[in-house]
Amino acid sequence: MPKIRKVLVANRGEIAIRVMRTCKELGIATVAVFSEADRSALHVRTADQAYLVGPPPSRESYLVQERILEVAKQSGADAIHPGYGFLSENASFVRACEKAGITFIGPPAAAMDAMGEKTRARANMIQAGVPVVPGSTEPIQTPEEAREYAQKIGFPIMLKAAGGGGGKGMRRVEGLHDFDSAWRSAKSEAMSSFGNDSVYIEKYLEKPHHVEIQVFADQYGNTVHLNERECSAQRRHQKVVEETPSPILTPELRAKMGEVAVKAAKAVNYVGAGTVEFLVDVHRNFYFLEMNTRLQVEHPVTEWVTGLDLVAMQIRAAEGEKLPLFEAPTPRGHAIEVRVYAEDPARNFMPSPGKITHLRVPGGPNVRDDSGVFAGFTVPNFYDPMISKLSVWAPTRAEAIARAKRALSEYVVKGITTNIRYLHGILSHPEFVGGDYDTSFLTREHTALLGSEDTQLSEVAMLASTLHAFQRDQKRAKSLPSAAGAGDTGGRISPWRLALKNRRR
């Protein structure tokens with residue numbers, strides 16, 4: 001197959017920049033697309049070319065297939081990398097790329113069809129002999145049918161969107177008393193997120209671990225797994241902290257889960273990077289959850305411990321090259337990733353869009369910050385509030401935790417509220433440090449993870465504001481007519497003097 005010369009990255013933010021960096025290392029030109037809200041975004045500045053694709057809402061810009069393909073034609077791009085989210089798991093878009101003669105850097109549409117619709121994926125895995133979480137193998141059409149099925153398998157249950165993942169369209173239901181509201185909200189969110197309101201039911205497993213296996217396949221049927229990622233630190237079914245190796249997996253369990261993940265990928269003739277997700281119960285039995293037919297947000301931790309560039313491997317697989325390895329590499333050291341969000345954990349994780357007035361990112365040995373923002377950038381309120389992924393590597397898990405905490409202590413973002421302090425709380429919590437935390441960990445320990453106010457920092461902030469008020473008054477005094485007298489405030493006590501007076505009290 002011909003080599004790829006120019007890649008249009010059909011995404012935004014940190015993942016678009018991450019793909020572009022590998023493309024540049026491979027000598028491949030890049031094309032960015034952007035909405036009106038992203039005119040000054042970093043991914044626009046990073047690309048060789050950039051094209052406006054529509055208004056801020058993603059359904060009118062990043063999700064408009066025809067416009068993306070039109071830009072690819074105008075720019076001369078011969079391939080499209082979808083990143084994750086948006087069109088990354090849209091089989092109709094893959095077929096549209098094929099029809100237009102553009103290489104889609106990802107799995108074929110048939111594999112995406114087989115795994116993208118969650119109930120179809122469950123049915124395919126059952127047929128392939130892969131253990132799955134008990135539940136329905138078809139979308140459930142009516143609330144009456146759903147209530148009857150839920151009672152049959154027993155509460156608690158999970159309502160899940162059939163047309164997508166990422167925690168969207170997912171609701172835990174404890175009993176019949178909250179079933180109807182959960183059903184309506186799950187279907188509504190599924191429709192707004194995926195354009196498909198189909199919902200199915202799974203049995204809820206108590207205190208499960210969420211462990212996923214990274215798989216990779218070429219166009220010749222060669223498939224390999226690249227070990228696991230522990231993703232149990234979640235809120236609202238969305239991952240917040242990921243690590244590898246998983247602290248609960250033995251080498252034997254890793255090999256067994258890897259074997260099943262490869263079997264799942266081969267069952268649908270998969271090509272490229274994919275992730276097979278499992279739930280592991282308290283008895284260390286594991287069950288197929290879903291397969292994400294794309295690159296994952298947390299792929300950097302796998303790159304840390306394997307030394308592989310997964311985006312480069314995606315591109316080479318799309319060009320028809322064979323896999324560079326045919327067995328799972330032994331993980332080297334330990335890697336942790338935390339997701340930095342523009343949100344306020346103390347206010348129920350409310351998004352915090354706005355202008356970043358100051359930004360200092362961490363550095364040092366084996367620290368990586370995948371970011372899509374800069375000082376002066378305004379974080380829009382139209383998209384996911386994640387602004388960066390901070391990941392670290394160290395020889396041992398304890399050293400990796402210490403390095404991640406140190407890196408977070410260096411991270412400074414001003415102008416918006418972030419979850420940096422909350423992330424530090426997760427890494428410091430005894431349950432996380434112990435390694436045996438489950439998917440209910442963040443919900444159960446929410447108050448403890450928020451932490452208490454640091455009185456010393458509050459005092460520093462008060463003194464800093466006092467100094468600022470003093471400097472402001474001095475500046476104003478100098479600008480007044482000389483008759484007023486230096487420092488004359490018209491008989492009023494200036495804020496800085498009042499603050500110092502109160503402090504002495």
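At roughly what angle do the axes of helix H5 and helix H6 cross? In this predicted model, the axes of H5 (residues 109-116) and H6 (residues 118-127) cross at roughly 95 degrees and come within 5 Å. Local features need pLDDT of at least 70 and side-chain atom pairs pLDDT 80 or more, while totals for chains, interfaces and linings use all residues. Residues are numbered from 1 along each chain as its sequence is written, and side-chain values use heavy atoms, with hydrogens and water left out.

**Helices H5 and H6**
- H5 and H6 are therefore roughly perpendicular to each other (angles of 65 to 115 degrees).
- Asp113, Ala114, Met115 and Gly116 in H5 are in contact with Lys118, Arg120, Ala121, Asn124 and Met125 in H6 (contact means heavy atoms within 4.5 Å).

**Serine 88**
- Serine 88 is in the loop between strand S4 (79-81) and helix H4 (91-99).
- Serine 88 has 2% relative accessibility and counts as buried (under 20% relative accessible area, 1.4 Å probe, protein chains only).
- A polar atom of the serine 88 side chain lies 2.9 Å from the backbone oxygen of glycine 85.
- Not counting residues up to four places away in sequence, serine 88 touches Pro82, Gly83, Phe104, Met112, Thr293 and Arg294.

**Arginine 316**
- Arginine 316 lies in helix H11 (residues 310-318).
- Its relative accessible area is 36%, so arginine 316 is partly exposed (between the buried limit of 20% and the exposed limit of 50%).
- Leaving aside neighbours within four places in sequence, arginine 316 is in contact with Leu26 and Glu321.

How values were computed: Helices (H or I, at least four residues) and strands (E, at least two) are DSSP runs, numbered from the N terminus. A polar contact is a pair of N or O atoms within 3.5 Å; within protein, one must be able to donate a hydrogen and the other to accept it, and residues adjacent in sequence count only if both atoms are side-chain atoms. Axes are lines fitted to C-alpha atoms, for helices over the stretch in contact, and angles run from 0 to 180 degrees between N-to-C directions. Angles under 35 degrees count as roughly parallel, over 145 as roughly antiparallel, 65 to 115 as roughly perpendicular and the rest as oblique.
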